[in-house]
Structure formats: structure tokens, C-alpha cells
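Here is a short briefing on one protein model.

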Amino acid sequence: MFRNKIIMKSILLSLVLFLPMSIFAQSKFTISGYVKDKDSGEEQIGATVYVKDLETGTSTNVYGFYSLTIPEGEHEIMIAFLGYNTITRTINLTQSQKINFELEPEGTDIQEVIATTEAEDKNVESLEMSTTKISINTIRKIPALMGEVDVIKAIQLLPGVQTVGEGGSGFYVRGGGVDQNLIILDEATVYNASHLMGFFSVFNSDIVKDVKLYKGGIPAEYGGRLSSVLDIRMKEGNKKKYGATGGIGTISSRLTLEGPIKEDKASFIVSGRRTYGDLALAAANDTNLRKSQLYFYDLNTKLNWNVNENNKVFVSGYFGRDVFSLADLFGLQWGNATVTSRWTHIFNDKLFLNVTGLYSNFDYFLGSDFFEWKSNIRDFSGKADFEYYPNPNNKIKFGGQSIRHTFNPGDVEFEIGPSIITSEIQTTFANEHAAYVSNEHKISKRFSALYGLRWSLFQNTGKYDHFIYDDQSYERVDSVFYNQGVFNSFSGFEPRLGLKYTLTTSSSVKLSYNRMRQYLHLASNSTSASPLDIWIPSSPNVKPQIADQVAVGYFRNFKDNAYEGSVELYYKFMNNSIDFRDHAQLLLNPYLEGELRFGVARAYGAEWLIRKQKGRLTGWLSYTLARSERQIESINNGLTYPTKYDKRHDLSLVAMYDLNERWDFGTTLIYSTGAAVTTPIGRYEFGNTIVPIYSSRNGARMPPYHRLDLSATLTPKRKDGKEAIGEWVFSVYNTYLRKNPYVINFTEDSDNPGTTKAEMVYLFSIIPSITYNFKL
């Protein structure tokens, strides 16, 4: 009895300390609503709602909603969002009110109209660290390969983010692999975010509204990957008027249509992009080339309906595909499909709900005149996210998600003479569940904390042949067949913590910790994600990977927030880290789990960022000094070795200059340490066979990677009365003709038999491009 009283007292004390104090206060009311773009009606993510006299405020969530509880009386409310005119409104608060604010863009040119970013001092005042939000306006101004504006190539220019190689759209974050990044589009997972074997990403910039990357301090609502979350949100469509935007470029054209279905009530947006490399093949002299195909396309759609002031419904979809074929001799296709259906509901001025149903599929097809190979991974998911705003000092989030995974590694069909032989690697199924709760707590004017807890559960289900491997030789020694139901599960807690202490009005220090669990893994021997890579689930043989990351940083703004700077130190330790044995066979291997090896890994480093966000000249300089290494008992004689994405130095300079109303310029300069690779260092003859001797695992380096890109944008003068806006974009990729290595092959020197020589293959020399963009 005495023990129960102690427990009850502890619970009551926790409630008093951490749950809203407003329940004991009198004469406090809540203002809530949405912050929108005045021209389009689009809800704005991260807009600031600030009460001047109280020196307190909040920001809108990812759906544009805000809620703020303040004392009764007259208050001056300021609503601000960079790229928009700040508005101030005086309210006399005698009861709770719903107030929607509309912000007017500062400019009217094609780029300023779509500018979205964060509060000017968020670098210092926000609890977030290791997090970056890039406006689509900024991304458009960065010089791009062949003129294709690319979200993923833009984030590769941030500290702690590294490119997989020349032209690739994959990326590494703080010593993690490409599969350790959770990429979501309107909350749906995108399993392969690349076109044309990685040279371009699947995200059409004309449809993108918001881009946010979490490298650490990852909020509790996210999980399933170790290294990062890339959260991309699509536009909703103009609720005020019809419009069209698009562009004609060197390799592709784009067209976006949007407008109201019912003004201020419902809207639509449809956006398409397609390359036209196959049109050039049609003019070829060779018959096989004329019958060949080479193109990719993207189609994005979204509908939204404001049912009433408390309910909104959204449905969005993405459908993209790459098609390559050489007449009837060979064919390769891959693509993503995602569907998001979302309902947001306001219970009252303090409680907000978002319910989402999700579908995601990635598949590929490889075939010739005698065989076909098909593979895919498919998800169905449902999630509910609540946000509770008890008072200005607390913002509580809680919710959960369930995912049904289907993994089909490959169905193969061979035609041999009159016979057709089929082979199927077993399809597997899994459930992934999670629940979370977190609180963003402003403890004092200087000190704030974000604390949360996530719990995840992974279940292998359905019919499954479980192969048992010897612990030493990894040879298959037995098997067990499971007929139905859940036959294996993993679960665990994932704590999250963020602390911020404000030193001055322009500087702060922050600390974050997060534990992440990853239940899905990518089987790949290449340095970047390939469409033929295979996703595999955790299983009795494959434990989930677990990462613990701690980071500390100093943040400082200068000259009235015109400049922002930061330095962050991080350390990440990973258990059950996965690598592959030497000469592993990954494709069409029913015993793939026997090729895997497990151990530990760690990554640590320092990141510097200086960014200028006001004035004619804007941009940033980032530098990362880092290490990423792994230790697995059966690889490299049990010694620690660098991961293939270990890069000691990584430097990016991004600059954009607005000369006048007609001309603006952009440049990027990139330098990074060469990738870690395993190379032959000698050879010997055994009988009549030459056997190579290799270096230690990833014991050699490719040459350093560096490149300079330039761009210039010309906006012609508009004729009086004309609303159409157009611009010409001229860009040069790899301006000084650097031959960056794509791969290095080792072959026998024909001039000196018996000796080996290295041959470097590079992809691009200088590539100029021209793009015309328009807005109607």
C-alpha cells in the first residue's frame, strides 16, 4: 500500500512538472489557425507567429497550422516568413479565436514567388540541430547537371552529406550508407530516388514545396533508418487562380498545371516531366537503335479539399519510371509509385490530428530475348499523428504507424529451346509498428528541451523457409519451414533528446542524442544505389541495425541575422552493422543471408557551416572533417577498416548573386577526398592461373573529387499588362574539365605482359546546357 502511494505521488509530480500549467491558470485564451500564401492559398510550413509584448511565439507545423495560448487582453501579433512581407495585427483577446493569416510574397519574379524558408533567427533559437531546410528558390539557383534542377544534388552540398560519386543522386550522411536514409515524399517512402542509373533524382522541382533534412536529433515521429530523414512535401495547388509553369531543357521538358476546383475550397495540381533521348535514337541509321528506347518520366498529382474549418482532405500520388531497351535484344525498366491519402482534423484550438494512408512500390524488370527477371518491394501503411498545444511552453506530439512490407527479391523465367524454366526466390512478408510521444518544452527564456520516446516492433510473418548457417563457415546446414503467422520479432525503445541553451540574442549551444533502429537493409556491392539492388528484411539470421548518435554544436548569427554560422561535433556508434564477404553473390541468390557479415561501426566528425541569407549575394560555405569505419570479425582479418563511404575531407562553396532585375548568377565549387576502394597490389601464378593479391578492405583511395559549376539566369522584361513570366537559364557543369574517376579497372598491360595497369574511366568533361522556364 505504501509503495502504491509513492508511485501515485511520483506520477502526480510528473504531471505537475511536465503537463500544461495552463490547466491551473485563469483568463488565458488560444488563438489558432493557418498561415497561408496570399496569392495561392498554400499553407506555409515553419512560419513564425510571435507575440511582441509577451516575447513568446510559435511556428506553424508541416500542415501550416499554429496554436498559441496567451493571457487575456490586447496583444500585437507579428507573422513572419522569409521571402514574404511581415504583417502585424493587434487583437483584443477576450475569448479563444480562430485566425488565419495570409502573407504576401515580397517580390513578383518567377523565383521569389515560390520562395519558402525558415525564420531568420531559427539557427539560434530553434531546438533543432543537425537539421537543414532549403528553399526551392535556392535549389533552383544552384547550377545543375544538364540544367535539371535536383533536390538531392542540392543537399549533397550541405555539411555532413556526401555524394556517392560523379553524377550520382544517392548520398551518404555522417558515415552511413545510402540505405540508411529515409526518403519520404508526402510521407510515403521512396525506395529508389534516382533516374538514369543515378544521374538525376525523381523529384521534379516544379512540384516541390518544402525540403527538410534531419542528420541528427531526429524527432520521435521518424524512425526506420539509422542516418537521416529527407522529408519532401509537394505543393497543394493554387486555390485562387489557374496557372501553368514549366520548362524546356537540354534533355527533358516539364509542365505543371494547377488551380481551384472551387475557389478557396478545393484545388488540384498535376506535374509531368519526360526526357527525350529516345527521339534522337529514332533518327539513327542503325535499325536496332531506331527500335530502342531511352527515357524516364515523372508524374505528380495532388487534390485537396477544405471540407470545413476543422477538416481537410488531401490525396497525392507520384508515378515515375525509367525505360531502356536495345531493340528486342535487351530491356531494363524500374520505377516508383506512391500514393498518400491524408485527413487533418482540428478537435479544438489546442489539439490537431493528421491521419494518413500510404502506399509505396518500387519494382524493376530486366529481360532479353531468352529471359525475364522481375522484382519489387511494396508497402501499405497507416499512421496517426497528434499535436497538442497546452501552452506556449509545451508542444506535445504523439502517434503511431503500422506498415505491411512485401519483399519479392526476384521471379526469373528462362527460355531454353522449347522449354521454359522458372525460378522464384521466396517472397517474404513483415509488419513494422511504432508508437511515439515527445514534448518540446521551453523551460525558461534561455533553456529549452525536446525529449521523446519511440517504440518500434518488427515481425516476420507468413510462409518462410528459414535457412540455418554454420557460425564459422557460414555454410547452410539446415532449414526450418514456417507455414503462417508471426515466426520472429524484434522490438525496442528509441529515446530522443535535444537541449538548447541561449547564450545571447545571437548565439546558443545545443546538444542532441538519438537511438535509431533499422529493420530493412539494402544488398548492394556498388558505391551508390542501383535499381538492381535488393531490399531484405531483418530475420532470424539478420538482426536489426542499431545506431546511437550524440552531437553538440555552437550556433551564432551575425549582422542582424544576415549571416549564420555553426560548428557541430558528432559521434555515432552502430551495432549489427552489415557488410558482405569478399566476392559475394547478391543477385538471384536464394541464400543471400549467407553472404552477409555482421559487426560494429562508428562514425565521427566535425561540421562547419557559414551561410549568408540576405542581400544580393547569398549562399554558404560548408566543410566536413570525418571518419567512418567498421570492424567485422570475418572481414579484413578482424581489423578495423574504412567504409566505402569514408571521406576525410568534404568542402562545398555555394554562391548566388542577384545583379539586377534581369540577371542573377550561381556557382558551386566542390572538393572531397576520394572514395575508399579495395585494389589489387600484386599477383601470383598458381598453375596456369593468375591470382590477384588485394589490399586490405577499402585500403586504397580513388583520386580526390573536385568540380566547378556555373550558371546565369536571364529574365526578359515583361510587356505591360502581361502576366506571363519567363527566364533563360545557362549553366556549365564541370567548368574546368576535371576528369573525375567514375571507376578504375585493373587489366594486363599489353605492352608489358605479366604486369597490371590501372585504367581510369570518367563520365563527364564540360557540359553546357540551356533551359527555358515559364510561368503563366
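The points below are grouped by topic. The model is predicted. Two antiparallel pairings share strand β29, one with β28 and one with β32. A separate topic is the open sheet of four strands. The largest nonpolar core has 44 residues.

- Strand β28 spans residues 428–442 and strand β29 spans residues 447–461. The two run antiparallel and are joined by 14 bridges.
- Four residues lie between β28 and β29, and the two strands form a hairpin.
- A435 has W455 of β29 as its bridge partner.
- β29 also pairs with strand β32, residues 486–504. This pairing is antiparallel, with 15 bridges.
- S456 has its bridge partner in β32, namely G492.
- Strands of a sheet pair through backbone hydrogen bonds, either parallel or antiparallel.

**The open four-strand sheet**

- The strand order is β3-β2-β5-β6, with antiparallel pairing.
- β3 (56–59) and β6 (87–93) are the edge strands. Each has a single partner strand, so one side of each lacks a neighbour in the sheet.
- From one strand to the next, the twist averages 20°.
- Inside this order, β2 (residues 48–51) and β5 (residues 73–80) pair over four bridges. T48 is bridged to A80 of β5.

**Nonpolar cores**

- In the 44-residue core, the residues with the most contacts inside it are I139, I155, F171, F203, V208, L230 and W620.
- At least two residues each come from α3 (136–141), α4 (151–155), β11 (171–173), β12 (181–185), β16 (208–214), β17 (228–234) and β41 (649–658).
- α4 gives the largest share, four residues.
- Beyond its neighbours within four places in sequence, I155 contacts I134, V161, F171, V211, L213 and L230.
- A second core is separate and has 28 residues, among them Y519, V542, F580 and L586.
- In soluble globular proteins, nonpolar side chains tend to be buried together.

**A384 in its setting**

- Which strand holds A384? A384 is in β25, residues 371–391.
- Is A384 buried, partly exposed or exposed? Its relative accessibility is 23%, so A384 counts as partly exposed. Buried would mean under 20%.
- Apart from neighbours within four places in sequence, A384 contacts L353, N354, V355, F398, G399 and G400.
- R616 is 232 residues from A384 along the chain, and their C-alpha atoms are separated by 43 Å.

Notes: Residues are numbered from 1 along each chain as its sequence is written. This is a predicted model: local features need pLDDT of at least 70, side-chain atom pairs count only at pLDDT 80 or more; totals for chains, interfaces and linings use all residues. Side-chain values use heavy atoms; hydrogens and water are left out. Two strands pair if DSSP finds at least two bridges between them. Axes are lines fitted to C-alpha atoms, for helices over the stretch in contact, and angles run from 0 to 180 degrees between N-to-C directions. A nonpolar core is a set of buried Ala, Val, Leu, Ile, Met, Phe, Trp, Tyr and Cys residues joined through side-chain atoms within 4.5 Å. Buried means under 20% relative accessible area, exposed over 50%, partly exposed in between (1.4 Å probe, protein chains only). Contact means heavy atoms within 4.5 Å.
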